[in-house]
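Student: I have a protein model open and I'd like to learn how to read it. Can we go through it with some questions?

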Amino acid sequence: MPQPHAALKARYGAAAPAIPLDPGPVLDALLAQRSVRHFLPDALPPHALEQLVAAAQSAPSSSNLQTWSVVAVQSQAGRDRLAALTGPQNHLRTAPLVLAFLADLSRIARIAARSGREAAGLGYLDTFLMAVIDAALAAQNAVLAAQSLGLGTVYLGALRNQPEAVADLLGTPAHVFPVFGLVVGRPDPARPAAVKPRLPQASVLHLERYHAPADAAAETGGYDAELRRFQASEGLPPIDWSQLVIDRLRDPAALKGRHRLYEALLGAGFRFDDAPATSA
Ligand SMILES: Cc1cc2nc3c(=O)[nH]c(=O)nc-3n(C[C@H](O)[C@H](O)[C@H](O)COP(=O)(O)O)c2cc1C
């Protein structure tokens with residue numbers, strides 16, 4: 001019986017598929033990807049920011065509308081303020097760069113306004129979703145580019161915890177929404193990050209048609225125990241993944257401010273003209 005490849009063993013633990021891996025630096029990098037939360041305060045290599053943005057802009061973009069932008073926050077004061085607004089997440093204070101990725105419909109709104117044209121399509125849910133997808137694809141390209149520059153990253157969904165205060169700090173105009181941040185820095189070699197196991201492939205991969213698992217065991221296939229082992233090995237509180245996901249979405253308060261997203265988007269000038277009318 002062939003043994004699973006070491007990279008797959010790290011990614012799946014006991015559920016690692018015993019398949020051969022075609023060699024290649026991109027696949028190697030993808031399978032080794034992990035979030036870094038301990039950084040050195042050292043500056044980034046020269047022109048790292050521009051290289052990350054070039055990688056981000058190389059991501060596909062829906063209809064090439066390029067409905068995203070990014071604010072690079074490098075100042076200590078800016079990062080301290082963002083750290084406070086997002087937790088506090090203290091790794092923002094140490095790492096020299098935080099990229100705030102924006103769903104940005106303002107560029108097209110300005111272009112339309114200058115030419116005196118309607119852009120009614122901006123006011124629909126799919127257009128907002130398109131901007132969020134574009135921003136996410138761009139950011140993940142930046143994550144891999146950072147890895148290839150020897151840098152570490154961690155996303156910052158907590159940027160949405162206090163959306164108005166974050167928009168104020170970043171100076172974003174109407175029709176722009178900060179979707180998430182990306183903290184970038186040199187990983188602290190004294191506190192290396194480990195590859196976190198994922199659900200078995202059988203939990204996420206459906207062949208031809210979706211098949212809802214019939215019971216808890218088929219749903220997560222031993223992942224609760226796998227994640228508990230990972231948490232313990234990292235000195236983190238051991239918790240079943242099934243418990244973790246329920247806790248994270250327990251009630252509106254568990255969303256840590258993000259239950260106000262719709263209201264925040266309307267406040268930022270987004271419209272959802274396709275929203276069904278609600279009866280009073
Ligand atoms: C959109 C998004 C937002 C995230 N927000 C945060 C965050 O605010 N703080 C944090 O420490 N990690 C954040 N993460 C990192 C996840 O916790 C992490 O990706 C997940 O636990 C898997 O671990 P890994 O990236 O090391 O494989 C975020 C990840 C994504 C994709």
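This is a predicted model: local features need pLDDT of at least 70, side-chain atom pairs count only at pLDDT 80 or more; totals for chains, interfaces and linings use all residues.

Student: Okay, how do helix 4 and helix 8 run relative to each other, roughly parallel or roughly antiparallel?

Tutor: Look at the angle at which they pack, about 175°. Angles over 145 degrees count as roughly antiparallel. Helix 4 and helix 8 are therefore roughly antiparallel.

Student: Which residues of helix 8 meet helix 4?

Tutor: Start from the helix 4 side, where Gly78, Arg81, Leu82 and Leu85 take part. By class, this contact of helix 4 with helix 8 divides into five nonpolar, one polar and one charged residues. The partners in helix 8 are Ala165, Val166 and Leu169.

Student: Now for helix 3 and helix 7: which word describes how helix 3 lies to helix 7?

Tutor: The axes of helix 3 (residues 48–57) and helix 7 (residues 125–148) come within 7 Å and cross at roughly 135°. That angle makes helix 3 oblique to helix 7.

Student: Is the crossing of helix 3 and helix 7 left-handed or right-handed? And how many charged residues does their contact have?

Tutor: Helix 3 passes helix 7 in a right-handed crossing. Leu52, Ala55 and Ala56 in helix 3 meet Ala138, Asn141, Ala142, Ala145 and Ala146 in helix 7. Sorted by class, that contact has seven nonpolar residues and one polar, and the charged count is no residues.

Student: What about helix 11 and helix 12, how do they lie to each other?

Tutor: The axes of helix 11 (residues 223–233) and helix 12 (residues 241–248) come within 7 Å, and they cross at roughly 85°. The range from 65 to 115 degrees counts as roughly perpendicular. So helix 11 and helix 12 are roughly perpendicular.

Student: Where are the buried residues of helix 11 around its axis?

Tutor: First pick them out: Tyr223, Asp224, Glu226, Leu227, Phe230 and Gln231 are buried. They cover an arc of only 160° around the axis, so they sit on the same side of helix 11.

Student: And what covers those buried residues of helix 11?

Tutor: Check the helices around that side. The cover includes helix 1 (6–12), helix 10 (216–220) and helix 12.

Student: Is Asp104 buried or exposed?

Tutor: Asp104 lies in strand 2 (residues 97–104). Leaving out residues up to four places away in sequence, Asp104 touches Thr67, Trp68, Ser69, Ala131, His175 and Val176. Since buried means under 20% relative accessible area, Asp104 at 5% counts as buried.

Student: What is the phi of Glu208?

Tutor: Most residues other than glycine have a negative phi. Glu208 sits in the loop between helix 9 (201–204) and helix 10, and it is exposed, with a relative accessible area of 83%. Although it is not a glycine, Glu208 has a positive phi of about 70°.

Student: Then what is the phi of His47?

Tutor: His47 lies in the loop between helix 2 (25–32) and helix 3. At 58% relative accessibility, His47 counts as exposed. Its phi is positive too, in a residue other than glycine: near 60°.

Student: One more: how far apart in space are Arg271 and Ala190?

Tutor: Arg271 is in the segment after helix 13 (261–267), and at 42% relative accessibility it counts as partly exposed. In sequence, Arg271 and Ala190 are 81 residues apart. From C-alpha to C-alpha, the distance in space is 47 Å.

Definitions and conventions
Residues are numbered from 1 along each chain as its sequence is written. Side-chain values use heavy atoms; hydrogens and water are left out. Axes are lines fitted to C-alpha atoms, for helices over the stretch in contact, and angles run from 0 to 180 degrees between N-to-C directions. Helices (H or I, at least four residues) and strands (E, at least two) are DSSP runs, numbered from the N terminus. Angles under 35 degrees count as roughly parallel, over 145 as roughly antiparallel, 65 to 115 as roughly perpendicular and the rest as oblique. A crossing is left-handed if the near helix is turned anticlockwise from the far one by less than a right angle, and right-handed if clockwise. Contact means heavy atoms within 4.5 Å. Ala, Val, Leu, Ile, Met, Phe, Trp, Tyr, Cys and Pro count as nonpolar, Asp, Glu, Lys and Arg as charged, and the others, Gly among them, as polar. Buried means under 20% relative accessible area, exposed over 50%, partly exposed in between (1.4 Å probe, protein chains only). The arc is that of the directions from the helix axis to the C-beta atoms.
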